[in-house]
Amino acid sequence: PPPRVAVVFFELLGRGLPLHVLATLGRAVAAIAAASSLAVPAAILMGRSPAADALLGPAAYLLYPVPKIALLPVALLLLGLGNLTRIFIVALVLFFPILITVRDAVKSLDAGYFLSIRSLGARPRHVLRFLLMPALLRPLFTALRIGIGTALAVLFFAETFFTRYGLGYLIIDSWMRIAYDQMFAGILAMSVLGLAL
């Protein structure tokens, strides 16, 4: 029952739950940072250069619908059993929504904005700092907000293999030990983490 889950949740706060939360949070934040730092520059390039969009756009649309969790065995073979594999898979899940959303936002910017800022003597770095980045924050955060739910689901699955820390491990381990109160406490922690992110 929910009251029992609440009690166990607070009991687990003193018995290892923070380690599991921090492990999952660290992987998620690293994946968000990696996906954003790669997707945003690529999206700006595709949005501002028709040639780059013609070259990279079809590949992005071809790879976007592929379930990224299907690549987990390949990632485990190529990157090993550590955190890098989990971060890579989650970053891959986030990369394409960010790329497509930000690219479309760049394309939709009125050309008059670019003419205005250049007429004031702006260099490319000024265009990036004062025009592109402020205009792209909203679509970037929208893509992240939508993608993080899927990313956490993939991370949950990835944390059930070859690890001893993470909310995915805690939930599955509790389920296998028939400790359903701890399992639901882990699910509650995952929900709170998802809400916070």
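Author: Let us begin with a term: a residue is called buried under 20% relative accessible area, exposed over 50%, and partly exposed in between, using a 1.4 Å probe and protein chains only. The model is predicted, so local features need pLDDT of at least 70 and side-chain atom pairs count only at pLDDT 80 or more, while totals for chains, interfaces and linings use all residues. Residues are numbered from 1 along each chain as its sequence is written, and side-chain values use heavy atoms, with hydrogens and water left out.

Reader: Is V154 buried or exposed?

Author: V154 is buried, because its relative accessible area is 11%.

Reader: Where is the place of V154?

Author: V154 belongs to helix α7, which covers residues 124–158. Helices here are DSSP runs of H or I with at least four residues, numbered from the N terminus.

Reader: And what does V154 touch?

Author: Leaving aside residues up to four places away in sequence, V154 touches I69, I89 and V93. Contact means heavy atoms within 4.5 Å.

Reader: Let us move to the core. Which residues of the largest nonpolar core touch the most other members?

Author: Those are L94, I98, L99 and L132, in a core of 55 residues. At least two core residues come from each of α1 (2–12), α2 (17–48), α4 (72–79), α5 (83–108), α6 (111–119), α7, α8 (167–176) and α9 (180–196). The largest share, 15 residues, is supplied by α5. A nonpolar core is a set of buried Ala, Val, Leu, Ile, Met, Phe, Trp, Tyr and Cys residues joined through side-chain atoms within 4.5 Å.

Reader: Why would such residues be buried together?

Author: In soluble globular proteins, nonpolar side chains tend to be buried together.

Reader: What does I98 touch?

Author: Beyond residues up to four places away in sequence, I98 touches A35, S36, A39, V40, R103, L140, A143 and L144.

Reader: What about S36: buried or exposed?

Author: S36 counts as buried, because its relative accessibility is 15%. This serine lies in helix α2. Apart from residues up to four places away in sequence, S36 touches P41, I98, L140 and L144.

Reader: Which residues of α8 are buried?

Author: The buried residues of α8 are L167, G168, Y169, L170, I171 and S174. Their cover includes α2, α7 and α9. Just after α8, I178 takes a positive phi of about 60°.

Reader: New topic, please. How many aromatic pairs does the structure hold?

Author: There are five aromatic pairs. Rings of Phe, Tyr and Trp (its six-membered ring) pair if their centres lie within 6.5 Å; planes under 30 degrees apart count as stacked, over 60 as edge-to-face and the rest as tilted. The F95 and F96 pair is edge-to-face, because the ring centres are 5.1 Å apart and the planes stand at 90°. F95 and F96 are both buried. Ring pairs also link Y64, F95 and F96 into a cluster.

Reader: What kind of pair do F157 and F161 form?

Author: Theirs is edge-to-face, at 5.3 Å centre to centre with 75° between the planes. F157 is partly exposed, with a relative accessible area of 38%, and F161 is partly exposed at 31%.

Reader: Now the charges. How many salt bridges does the structure hold?

Author: The structure holds seven salt bridges. The term means a side-chain nitrogen of Lys or Arg within 4 Å of a carboxyl oxygen of Asp or Glu. One of them joins R4 and D181, at 3.0 Å from N to O. This pair links distant parts of the chain, since R4 is in helix α1 and D181 in helix α9, 177 residues apart.
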